[in-house]
Amino acid sequence: MIFTVMFQLSTLTVSADSSKVVTLGANISKQQRADMYEYFGTTPEQVQTIEVNNSDERKYMEGIATEQQIGRKTFSCSYIEPTDSGGVQVKTANLTFVTSSMIASTLATSGIENCNVVAAAPIAVSGTGALTGIMMAYETASGQDLNEGQKEAAVEELVTTGEIADSVGQEQASALVNDVKEQVIEDNLTDASEIQKVVDEAASNQGVTLTKEQMDKIVALMKTISQYDYDVKALKNTLDNLEGKGEGFFAGIWNSIKGFFGGGSDGGIINDTKDTVLGDDAVINSTLDDIKSAAEDEGLWDKIVNFFKGLFGSDDESTDGSSDQKDSTQASESSKDSKSTSNESTSPQPKEDKSPTDETSSSSDTDGTGASQEGQPQ
């Protein structure tokens, strides 16, 4: 597994010539604009800036989201960096209705295959309107137009996932929709009854009970998504990152390790963010952190980090990895001494590596007039 992780170093390269674009919500103040540039770790002179207003959001959200969800004001901002590989990686801040995982998955639906994204707001907002700005910024940064139908499907997916999350939780809702989407695209399913069987199975695996309305919404969403031609491998790369499996997962672990040691550019603009700018109460979420958590759940994170600590010459011998390495070396030397004196080969038993395992609120949609809508303090 360590060799697999190390191999990702040669494949995860950020495009040096890629353009970086910032989007700013039209209704943020002058001071909030300055704060967002500072949070993103950039300046107006270093990036191209696009202003996103409520009309831009309505272009994709009307007919999909409710009037309350669409709202009247836009506070969500974003920072976009197209990449050559690594799938879609997302960090969110002050977005309460959507998570980094939800945005990453829906961006894959929109047709984006590789990109680093930071979606944030100067105050707590729901965040569903952030997707519009991100897609606009990606098209500007990459010079590529996304399919209009796929962009609408991405917005529909984000709204549907968020609504289901209100009843079953964000993590389970994301996992459910991702599992169904991957199978529908991989197996080229277009029939509603076949899609419903996949939804039933995924819901059972997640321990989720769906209402008829929720089931119908997911099936309708997947029928829409099934109309479009996706690069299955690229889509799976992003979804595997989010679900903690496959090559994409190990690529994400490598990104997280690079960030842990404070070196390299993997993760790109995500590593440049300054969380303190938004205050102690900001809700922060990142797909790279999710990958780290998944690795910890499997007992992998500490083993890999400790390996690289030893590789980089760490003097810390208090960790499990350091002490185990020392014990293994002493056992090996003892074995060699024993072999030289008695001509008997003794194989030391490796010490068991017991790595510790470490183990937020939803609001309604974007820019509205209620206290729980985007543009209003939470």
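Let me start with E62, which in this predicted model is partly exposed, with a relative accessible area of 48%. E62 forms a salt bridge with R58, and the closest N and O atoms of that pair lie 3.0 Å apart. R58, for its part, is buried, because its relative accessible area is 13% and the cut-off for that word is under 20%.

R58 has a further partner in E67, with the closest N and O atoms 2.5 Å apart in that salt bridge. E67 is partly exposed, at a relative accessible area of 39%. If we then ask which residues are linked in a network of salt bridges, the answer is R58, E62, E67 and R72. So the picture here is of a buried arginine, R58, bridged to E62 and to E67, two glutamates that are each partly exposed. The structure as a whole holds 12 salt bridges.

Another of these pairs is found in helix α7, which covers residues 148-168. There K151 forms a salt bridge with E148, the closest N and O atoms being 2.8 Å apart. Why are K151 and E148 separated by about one helical turn? Because the two residues are 3 residues apart within α7. Is K151 buried or exposed? K151 is buried, with a relative accessible area of 2%, whereas E148, the other member of the pair, is partly exposed at 38%.

Let me turn next to the cysteines. A search of the whole structure finds 0 disulfides. Two cysteines that I would point out on the model are C77, which counts as buried because its relative accessibility is 1%, and C115, which likewise counts as buried at 1% relative accessibility.

Finally, I would like to look at how two helices pack, namely α8, residues 170-186, and α9, residues 192-206. Their axes come within 9 Å and cross at roughly 145°, and the crossing in which α8 passes α9 is right-handed. On the α8 side, the residues that take part in the contact are Q172, A175, L176, D179, V180, Q183 and V184, and these meet I195, V198, V199, A202, A203 and Q206 on the α9 side. How many residues of this contact are nonpolar, polar and charged? The contact of α8 with α9 divides into 9 nonpolar residues, 3 polar ones and 1 charged one.

Technical notes:
Residues are numbered from 1 along each chain as its sequence is written. This is a predicted model: local features need pLDDT of at least 70, side-chain atom pairs count only at pLDDT 80 or more; totals for chains, interfaces and linings use all residues. Side-chain values use heavy atoms; hydrogens and water are left out. A disulfide is a pair of cysteine sulfur atoms within 2.5 Å. Buried means under 20% relative accessible area, exposed over 50%, partly exposed in between (1.4 Å probe, protein chains only). A salt bridge is a side-chain nitrogen of Lys or Arg within 4 Å of a carboxyl oxygen of Asp or Glu. Helices (H or I, at least four residues) and strands (E, at least two) are DSSP runs, numbered from the N terminus. Axes are lines fitted to C-alpha atoms, for helices over the stretch in contact, and angles run from 0 to 180 degrees between N-to-C directions. A crossing is left-handed if the near helix is turned anticlockwise from the far one by less than a right angle, and right-handed if clockwise. Contact means heavy atoms within 4.5 Å. Ala, Val, Leu, Ile, Met, Phe, Trp, Tyr, Cys and Pro count as nonpolar, Asp, Glu, Lys and Arg as charged, and the others, Gly among them, as polar.
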